[in-house]
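This briefing concerns a single protein chain and the surroundings of one annotated residue. Please consult the sequence and structure below alongside the text.

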Amino acid sequence: MAHLIGKPAPSFTTTAVLRQEFHNVSSEDTRGKFLVLFFYPMDFTRVCASEIAALSEQIAEFEQRSCKVLAISCDSHFTHLAWIKKLLDEKDLVDVNIPLLADKNGKIARDYGIYNDEQGVSSRAFFLIDKMQVVRDMSINDRPVARSVEELLRLIDILGSEDKNDETESEKRGLKRPLVSEDESGAPVKASKTSDEATIS
């Protein structure tokens, strides 16, 4: 699997389904915003439906944080549409208000290093991408294991407070780190100031 943390996120352009309509979606559309790129193995599965429902229910929380959420699997946009209609007809899912992206040939999953060649699907994974389109966090789970929406929001809050240089918020979330210097013998000495408070002489 490609190690993407701290590197530019692979770009993509594909077709998505949103509110039962087809749309062209590009990663460039998200520049200047945070992006949660959420890979799931396939449509017509219970765990995937539950995750998409949880993300849809909390979409306002992501929007308040200037974050886009895109879900993607190795299905066609026609399959996405059929699945959404089935779920809504069966009342198994709230209104799907996040785009479901098509990656039928698996190219996007391969670019992100999570394509399973044996099964022909992507792994269950998410990538948190910052406003400069750099990958800041990622998680890959076994197929039956769902992700926590609350954890995604917590990570976005951390990156958001870092971007704003919000000292109070950073300290509350454990981002401040004490400086460590050395005495004459070379032994580490804990400085009295934090890295946020230190100045360059």
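In which helix is the place of C48? C48 lies in helix α1, residues 46-57, where helices (H or I, at least four residues) and strands (E, at least two) are DSSP runs numbered from the N terminus. The model is predicted, so local features need pLDDT of at least 70 and side-chain atom pairs count only at pLDDT 80 or more, while totals for chains, interfaces and linings use all residues. Residues are numbered from 1 along each chain as its sequence is written, and side-chain values use heavy atoms, leaving out hydrogens and water.

**Annotated residue**
- An unreviewed UniProt entry lists C48 under "active site"; such annotations may be inferred rather than shown by experiment, and positions follow the numbering used here, with feature names shortened.
- C48 counts as buried because its relative accessibility is 0% (buried: under 20% relative accessible area, 1.4 Å probe, protein chains only).
- Apart from neighbours within four places in sequence, C48 is in contact (heavy atoms within 4.5 Å) with Y40, P41, M42, W83 and R124.

**Overall fold**
- Six helices and eleven strands make up the secondary structure listed for the chain.
- Of the 201 residues in the chain, 43% are buried.

Notes. Buried means under 20% relative accessible area, exposed over 50%, partly exposed in between (1.4 Å probe, protein chains only).
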